Amino acid sequence: MKNYSHIETSFIHGGISTDEHTGAVNVPIYQTSTFAQKNIGGDVKWEYSRTGNPTRAALESLIAELEGGNAGFAFGSGMAALTAVISLFKTGDKILISSNVYGGTYRVLDKIFSNFGITYEITDTTRESVFEKAITPDVKAVIIETPANPLLTVTDLEAIARIAHKHDLVAIADNTFMTPYLQRPLEFGFDIVVHSATKYLGGHSDVVAGLVVTRNPEHSKQIAFIQNATGGVAGPFDSFLMIRGIKTLAVRMDRHAQNAHDIAEYLQLNSDVKTVYYPGLTSFKGHDIHKKQAKNGGAMISFELTENHDIRKFFGSLKLITLAESLGGVESLVCHPASMTHASIPRDLRVKLGITDNLIRLSVGIENASDLISDIKQAIENSRI
């Protein structure tokens with residue numbers, strides 16, 4: 001593992017960045033399911049691609065270095081990565097989760113792991129006293145997102161890690177929104193970081209993948225066993241695409257974040273907009289904490305229009321920004337959390353958490369910011385009723 005003075009260099013040269021056999025400056029796609037062995041019972045580095053593949057190993061070493069962890073693991077999707085992490089726990093264990101998280105996180109806990117006796121409880125991790133009060137003897141872990149999806153609420157990483165370790169909990173952070181370029185939870189005491197690498201790390205809406213980084217060797221050993229045993233691994237070609245995407249992460253995120261800040265300021269000053277959720281705004285609750293632990297506000301914005309607007313007309317009037325699931329690509333995407341990303345959460349719970357039917361989530365791309373603002377402005381005007 002190499003240590004460079006600046007992370008921008010590590011995105012390009014970190015991990016296994018060249019091919020040891022040929023000197024190729026890009027790690028090749030080792031598109032094979034198995035590897036020839038010279039004799040039975042020998043000590044071989046590669047034997048079967050579920051267990052390990054050179055292209056995947058290059059990606060795994062890269063993400064471990066970028067997050068400052070002990071080991072990295074690549075999976076077929078973000079949910080496969082999260083499923084592997086939750087598989088660390090057993091019947092009778094309870095996991096605390098932030099008040100608003102990705103709907104898929106809620107769904108896998110509520111509909112899948114509940115079948116095996118692993119329970120969960122939603123708590124407000126933005127308030128330390130509330131979080132600590134929720135810890136009972138059966139609680140073994142906490143899963144947080146900061147900023148959270150979709151209301152961008154901010155959790156104090158250092159404070160939650162401190163409380164978690166005080167009670168012997170595993171502290172798990174979904175760092176999808178921020179990426180290791182903007183925020184590194186392990187540096188604040190977290191034990192495990194999860195990514196939907198489909199998003200900013202891939203960055204081009206052309207690959208589905210998930211990543212896990214562990215801070216200590218024991219968790220590394222456990223996740224490695226789970227990864228091999230359950231088999232939800234990233235394939236060689238997807239791993240190659242992920243490495244390629246990560247090489248340009250720094251320059252993309254700088255443009256993403258600058259565009260998002262410009263758009264958030266425009267929305268904040270627009271009388272047709274009721275609420276803007278963006279941690280890069282100084283007026284946003286949690287801004288000071290976010291500034292302490294992240295480089296900038298990131299590229300995700302959520303907002304609500306005033307009551308005299310029809311959001312269906314708003315979505316239908318957009319010409320440049322695309323209505324679609326997912327986020328983090330070079331193109332700007334907009335979605336309706338209540339019916340799309342968070343539809344798996346019951347409506348009464350969504351409303352209680354603040355995920356209203358009028359909430360709009362915007363993943364800001366790297367197009368020209370003025371063009372994006374013009375598209376949003378026209379859609380707002382067309383959606384008035």
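Modeller: Let's start with a term: a residue is called buried when its relative accessible area is under 20%. Keep in mind as we go that this is a predicted model.

Colleague: Thanks! How many aromatic pairs does a search of the whole structure find?

Modeller: The search turns up seven aromatic pairs. One of them joins Phe11 and Tyr181 in an edge-to-face arrangement, with 5.7 Å from centre to centre and 65 degrees between the planes.

Colleague: Which parts of the chain does that pair link?

Modeller: Distant ones: Phe11 belongs to helix H1 (residues 7-13) and Tyr181 to helix H7 (residues 179-182), 170 residues apart.

Colleague: And is Tyr181 buried or exposed?

Modeller: Use the cut-off we began with. Tyr181 has 4% relative accessibility, so Tyr181 counts as buried.

Colleague: What kind of aromatic pair do Phe237 and Phe240 form?

Modeller: That pair is stacked, at 6.4 Å centre to centre and with 15 degrees between the planes. Both residues sit in helix H9 (residues 236-247), and because they are three residues apart there, about one helical turn separates them.

Colleague: Which residues do ring pairs link into a cluster?

Modeller: Look at Phe303, Phe314 and Phe315: ring pairs link these residues into a cluster.

Notes: Residues are numbered from 1 along each chain as its sequence is written. This is a predicted model: local features need pLDDT of at least 70, side-chain atom pairs count only at pLDDT 80 or more; totals for chains, interfaces and linings use all residues. Side-chain values use heavy atoms; hydrogens and water are left out. Rings of Phe, Tyr and Trp (its six-membered ring) pair if their centres lie within 6.5 Å; planes under 30 degrees apart count as stacked, over 60 as edge-to-face and the rest as tilted. Helices (H or I, at least four residues) and strands (E, at least two) are DSSP runs, numbered from the N terminus. Buried means under 20% relative accessible area, exposed over 50%, partly exposed in between (1.4 Å probe, protein chains only).
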